[in-house]
Amino acid sequence: MAVRPICITGEPVLHSPAAEVEVIDDDVRALVADMFDTMEAAPGVGLAAPQIGVDARIFVYDWTDDDAVRWRGVAINPELLVSPPPVEEADEELDSEGCLSVPGERFPLVRSARSVLRAIDLEGEPYEIDAVGWLARIFQHENDHLDGVLYVDRLEHPHRKAAQKAIRKQSWGSPGRSWMPGVDNLEG
Ligand code: ZN
């Protein structure tokens, strides 16, 4: 098990749809173990395989809700059912989201309040989670990664412009940028 470098926006693997996982073998199990290590080291509440440069439809999550319930797992070949997001302005305080591939930045984005995750786990067993609130948001964020979409791609005016500016300022947005959790002093 190992912490792996996290790709920063501009790396092509982050911007194209990831491939279905055909078989859950030792390689996939080792990858998932590294994804948990990397997410923990970052630290983050979710991490998708493309963020560590792997073209595979897998994400991991680890988040404790307000009732002290810990939601920790791996979603392989997930499907996400999402109701349309509410039509409202993004709230800086309630809707601000971050991403380990746009480290250190946060911008508000309106998301659906509920999402239903259907995926398979490392044993190949299908499962379903009917998520609300922040967990529903995490699933939407991570599932987007598997379609090559970053949350900054979804931002509305004026946050979209602010994100583009921040990305330019860091000289991100082109291939070859990454950061190492525990080594580089960044967070997202
Ligand atoms: Zn992300």
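**Sheet, zinc site and one aspartate**

Q: What order do the strands of the open sheet have?
A: The order is E2-E3-E4-E7-E8, an open sheet of 5 strands with antiparallel pairing. Strands here are DSSP runs of at least two residues (E), helices are runs of at least four (H or I), and both are numbered from the N terminus. Two strands pair if DSSP finds at least two bridges between them.

Q: Before we go on, what kind of model is it?
A: A predicted model: local features need pLDDT of at least 70 and side-chain atom pairs count only at pLDDT 80 or more, while totals for chains, interfaces and linings use all residues. Residues are numbered from 1 along each chain as its sequence is written, and side-chain values use heavy atoms, with hydrogens and water left out.

Q: OK, which are the edge strands?
A: Strand E2 (46-48) and strand E8 (126-132), each pairing on one side only.

Q: And over how many bridges do E4 and E7 pair?
A: Strand E4 (residues 70-82) and strand E7 (residues 114-120) pair over 5 bridges, antiparallel. Leu80 has Leu117 in E7 as its bridge partner.

Q: What does H2 lie across?
A: H2 lies across E2, E3, E4, E7 and E8, at about 160° to E3. Helix H1 (residues 26-41) lies across E2, strand E3 (58-64) and E4, at about 40° to E3. Those angles run from 0 to 180 degrees between N-to-C directions, with axes fitted to C-alpha atoms, for helices over the stretch in contact; contact means heavy atoms within 4.5 Å.

Q: Switching to the metal: which residues are the protein donors of the zinc ion?
A: Cys99 (SG), His141 (NE2) and His145 (NE2), lying 2.0 to 2.2 Å from the zinc ion. Cys99 lies in the loop between strand E5 (96-98) and strand E6 (106-108) and His145 in helix H2 (residues 133-146), so this pair ties together parts 46 residues apart in sequence. Donors are N, O and S atoms within 2.8 Å of the metal (3.2 Å for Na, K and Ca), and water is not among the atoms, so sites may look incomplete.

Q: Is Asp62 buried or exposed?
A: Buried, with a relative accessible area of 18%. Buried means under 20%, exposed over 50%, partly exposed in between (1.4 Å probe, protein chains only).

Q: Which side chain is joined to Asp62 by a polar contact of 2.7 Å?
A: That of Arg70. The Asp62 side chain also makes a polar contact with the side chain of Arg72, at 3.4 Å. A polar contact is a pair of N or O atoms within 3.5 Å; within protein, one must be able to donate a hydrogen and the other to accept it, and residues adjacent in sequence count only if both atoms are side-chain atoms.
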